[in-house]
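Welcome! Take a moment to look over the sequence and turn the structure around, and then we will walk through some of its features together.

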Amino acid sequence: MPEHDHVVPPLNYSDKLHFGPHTNDTHEGIDTNRMREARAERMRSVMRANNIPAVLVTGAENVRYLTGFFWSEFQLQAGYALFFADHPAVVYAPAGSYHQMPDQAPWISQWRIARSWLEGPTPISAAEAESKLFADEIAAELRERGLEREPLAVSEFGARAIGALQAVGIDTIDGLPLMMESARIKTPDEINCLKMIASISSSGFHRALEVLRPGILQSTVAKEVKRAVEDAGSEFGASKVMAGPLAFERGISSSDRRIEWGDLAYVLTCGSSYLGYTACLYRQYVVGRRATGEEAGWYDTLRDRLDSVIGELQPGASTADAAKHFAPASKWGYADEAELLTIEFGHGIGLVNAGSRFVHYNPPIINRQWSFEHPEEIQPGMVIAVEGIEGQHRQSGVRLETMVVITENGPEALDFYPRHEILAAGVI
């Protein structure tokens, strides 16, 4: 039976989108111009509130968040942007994009070629010379705007870059907290992007229901899910599948196990994105049969526990209020709550990231590890993914994750694919 002694609140759902992933001129959908401008203005307001006139960021998604410029990132710091509270941004584009992009992104008026030393493979003497050119160019831009004596927030650059900036007299501070503060609350268009990728994920989950069967490889199912979400409109599709003994806690991702009759299997679409906004969703399946009473009990317990967490995500409440409903590490005999980080917790989801292109964790983070001692306020406009796990080590287990938007009236789920029970796949 579910392990709770209180009434589990019903899960409310957000309104379904009335438009698809392709923009057109016949009705209002996602307004990309408005979204770019609203994101930039939110970041400017955060910078002004903290008396920071300029921030230097790398990472393709972070540059996209601030400026709308995006490239296929094959190397960190291949491109970057100098973003100002009171001046137009300067985009340092990678080789190739530098000449290709200016007429394609006319809202960006200031373009420069990026200085990159490719980190490891470059001779140290060459890296030192290139990093000095990089720092000199940034310093020149700051001087031109009268900001040479002001602090520069720097996000996602390595030690060599930061050292080079400091060597030319720039006072650097950590810029990632500013980026995360800006990304904490989503604009209406950002929320619609997250609704869209949640809807697109349903195509992947349904494809998994069609192809999961005894004898198929986990990687084959993941490829089918990835193809389904890309066909449905995702710019990047992503999926993983874990089954049988790899389903609790979390198996090695590269293990290409054959799925056996009777396996419990969970499927995720985490990392699939629409206009850069990523899904973080799980659904649970059983292969070739119906769930047993024990398995259904695991899932009911998990679903009700996560719904209790979601029910606490009310405006003005705290992450501590929600975290109390997560299972403690001791439930599975673990000694430290850190052993549940990223598998029994909640996290903001969006575009800004801190070095990982797979899932873009945003504030707030909700867990038993630190939310009780370091609570954060739940605010309207947050989009939060809530996930958890149940089962027995190396035997089997169940997973579930749901994305919710916080409205003035409370949390609303964004993904509509069935989550009330374990889904039976390949039943004859």
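Let's begin at the end of a helix: α5 is followed by glycine 169, whose phi is positive, near 90 degrees. Keep in mind as you look that this is a predicted model.

An α-helix has 3.6 residues a turn, so residues three or four places apart point the same way.

## Helix α8: one face in, one face out

Now move along to helix α8, made of the 14 residues 218-231. At 1.5 Å a residue, α8 should span 20 Å, and its end C-alpha atoms are 20 Å apart, which agrees. The buried residues of α8 are Gln218, Val221, Ala222, Val225, Ala228 and Val229. Seen down the axis of α8, these buried residues fall within an arc of 125 degrees, so they line one face of the helix.

What covers that buried face of α8? The cover includes α7 (188-211), β7 (240-243) and β8 (264-268). The face of α8 turned away from its buried side carries Lys223 and Asp231, both exposed. Just after α8 comes glycine 233, which takes a positive phi of about 125 degrees.

## Helix α7: mostly covered

How many of the 24 residues of α7 are buried? The count is 17, and α7 is mostly covered. At 1.5 Å a residue, the 24 residues of α7 should span 34 Å; the C-alpha atoms at its ends are 36 Å apart, which agrees.

Most residues other than glycine have a negative phi, and most peptide bonds are trans. With that in mind, here are some places to look at.

Asparagine 51 is not a glycine, yet it has a positive phi of about 55 degrees. This asparagine 51 lies in the loop between α1 and β1 (54-58), and at 61% relative accessibility it counts as exposed. Glutamate 119 is another residue other than glycine with a positive phi, near 55 degrees. Look for glutamate 119 in the loop between β4 (110-113) and α4. Is glutamate 119 exposed or only partly exposed? At 37% relative accessibility, glutamate 119 counts as partly exposed.

Next come the cis peptide bonds. One joins phenylalanine 248 and glutamate 249, with omega about 0 degrees, and glutamate 249 lies in the loop between β7 and β8. A cis peptide bond also joins proline 363 and proline 364, where omega is about 0 degrees. Proline 364 is found in strand β13, residues 361-366.

## A cavity inside

How many cavities of 30 Å³ or more does the structure hold? It holds 1, and about 50 Å³ of space lies in the largest cavity.

The residues that line the largest cavity are Phe326, Ala327, Glu337, Leu340, Leu341, Glu344, Asn367, Arg368 and Gln369. Sorted by class, this lining has 4 nonpolar, 2 polar and 3 charged residues.

## Distances in sequence and in space

To finish, compare places in the chain with places in space. Leucine 133 lies in helix α4, residues 124-144, and at 36% relative accessibility it counts as partly exposed. Leucine 133 and serine 116 are 17 residues apart in sequence, while their C-alpha atoms are 9.7 Å apart in space.

Lysine 16 sits in the segment before α1 (32-49). With a relative accessible area of 62%, lysine 16 is exposed. Lysine 16 and leucine 268 are 252 residues apart in sequence, and their C-alpha atoms are 21 Å apart in space.

Technical notes. Residues numbered from 1 in each chain as written. Predicted model: local features only at pLDDT ≥ 70, side-chain atom pairs only at ≥ 80, totals over all residues. Heavy atoms only, no water. 1 Å grid on protein atoms, 1.4 Å probe; cavity = no way out; pocket = protein on both sides within 12 Å on 5 of 7 lines; lining within 4 Å. Points joined across faces, edges and corners; volume = space filled by probe spheres on them. Nonpolar A, V, L, I, M, F, W, Y, C, P; charged D, E, K, R; others polar. Helix = DSSP H or I, 4+ residues; strand = E, 2+ residues; numbered from the N terminus. Expected span 1.5 Å × (residues − 1). Buried < 20%, exposed > 50% of the residue type's maximum accessible area, 1.4 Å probe, protein only. Arc of directions from axis to C-beta. Contact = heavy atoms within 4.5 Å.
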